[in-house]
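User: I would like to learn how to read helix packing, side-chain contacts and backbone angles in a model. Can you take me through some cases?

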Amino acid sequence: MSQTAIAKMQVNQGLFKLDLVDHHAILGVPLDADAKQVRKRYLKIARKLHPDSLRSASDEQKQQASELLSKLVNPAYEVLSQEKTSVEHKVSLRLKGEQLQKQPSLLPLSTEQSKKVANSNNIDYEYSNALKPLVLEQYESLDTVVDTIGEISELNAIYVMRQGPGASSPQAASPSPTAPKDVTQTQPDEPATMRVKSSSERRAELIKSFINRAKEFEYKGNFSRAIVELREAVKSHPQNPICHAELGRMYMRSNQLKMAGIHTKRALELDENNEIAADVKKRLDAYAKRMTKDSTSAAPSGKGSSKAASKSGGLFGGLFGGKKRK
């Protein structure tokens, strides 16, 4: 591959400027796209870049299409189509969003559409509207593919910056004379204005975002994805009782009772008054008692089984610990 061809493949806008390969921008799918959307979009792009669709193209154009497919499109699909790598990529996106909140100057906006999205009071609506025409034209011309990927990535960067913890809506054009001192006024060509929040506020917002995403997956019945989100929350905030309590509850819902007990116990160690953990513990204890009773009834000798169950603490083997005998 020539140096000229390599240069044509380089994207220097949006998240790419922050050393993150924006797989969503390469495929032209929104940041909340599911696996089905990703696959549908990938197949459409693959057909466009296939030699059979480029019969009238020059050899150079066919080579360019092949390079786009092998160097950008295929790797992007591999990441977004697999649950583990897709989740890891989304974590990276959140971290870039946090970085941009702290340093918005890292994201120069190159188009009027990007500036409009950055300063919108309805980020979801403006982001979606700005994305659609770019996606439609993205792979129509091989000469503009990379530029279009860059424009989409710029929109994605704005979106993760505005959606992350600590972000706030842009301030009104005419600032109030009593505007708080921690609000920095920006010029029209700069990214959206944001209020600087304390570390505890940012931490609370981040935890809330993990939990909200987990609940969305729970609502859809996808407990495994919900658990992944909550495990990330626990990994980021190991001393937070809410994270452990929610993870314990989700493990219980997915019938992974041992793990439910472990995280519920940890939540109560960190906060003995945590209502979520207390409720999960109550349910787990009740289940353990039923199992002990059933096993005792089914055993040939009631005495031996009863004593064994008592000593072991039931199904969870004393997972929460019993009261000490005097």
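Predicted model: local features only at pLDDT ≥ 70, side-chain atom pairs only at ≥ 80, totals over all residues.

User: How do the axes of α11 and α12 cross?

Analyst: Helices are DSSP runs (H or I, at least four residues), numbered from the N terminus. Axes are lines fitted to C-alpha atoms over the stretch in contact, and angles run from 0 to 180 degrees between N-to-C directions. Here α11 (residues 241-253) and α12 (residues 257-270) come within 7 Å and cross at roughly 160°. The pair is therefore roughly antiparallel (angles over 145 degrees).

User: Which residues of α11 and α12 meet?

Analyst: Contact means heavy atoms within 4.5 Å. On α11, the residues include H244, L247 and Y251; on α12, they include A260, H263 and A267. By class, this contact has ten nonpolar, four polar and one charged residues. Ala, Val, Leu, Ile, Met, Phe, Trp, Tyr, Cys and Pro count as nonpolar, Asp, Glu, Lys and Arg as charged, and the others, Gly among them, as polar.

User: How are α3 and α4 arranged?

Analyst: The axes of α3 (residues 35-49) and α4 (residues 59-80) come within 11 Å and cross at roughly 170°. These two helices are therefore roughly antiparallel. Among the residues that meet are Y42 and I45 in α3, and L69 and V73 in α4. The contact divides into eleven nonpolar, one polar and one charged.

User: What does D124 contact beyond its sequence neighbours?

Analyst: Leaving aside neighbours within four places in sequence, D124 touches Y159 and Q163. D124 sits in helix α7 (residues 123-137). The side chains of D124 and Y159 make a polar contact at 2.5 Å. A polar contact is a pair of N or O atoms within 3.5 Å; within protein, one must be able to donate a hydrogen and the other to accept it, and residues adjacent in sequence count only if both atoms are side-chain atoms.

User: Is D124 buried or partly exposed?

Analyst: Buried means under 20% relative accessible area, exposed over 50%, partly exposed in between (1.4 Å probe, protein chains only). D124 is partly exposed because its relative accessibility is 42%.

User: Where is D19, and what is its phi?

Analyst: Most residues other than glycine have a negative phi. D19 has a positive phi near 65°. D19 lies in the loop between α1 and α2. N255 also has a positive phi, about 70°, and lies in the loop between α11 and α12.

Definitions and conventions:
Residues numbered from 1 in each chain as written. Heavy atoms only, no water. Parallel < 35°, antiparallel > 145°, perpendicular 65-115°, else oblique.
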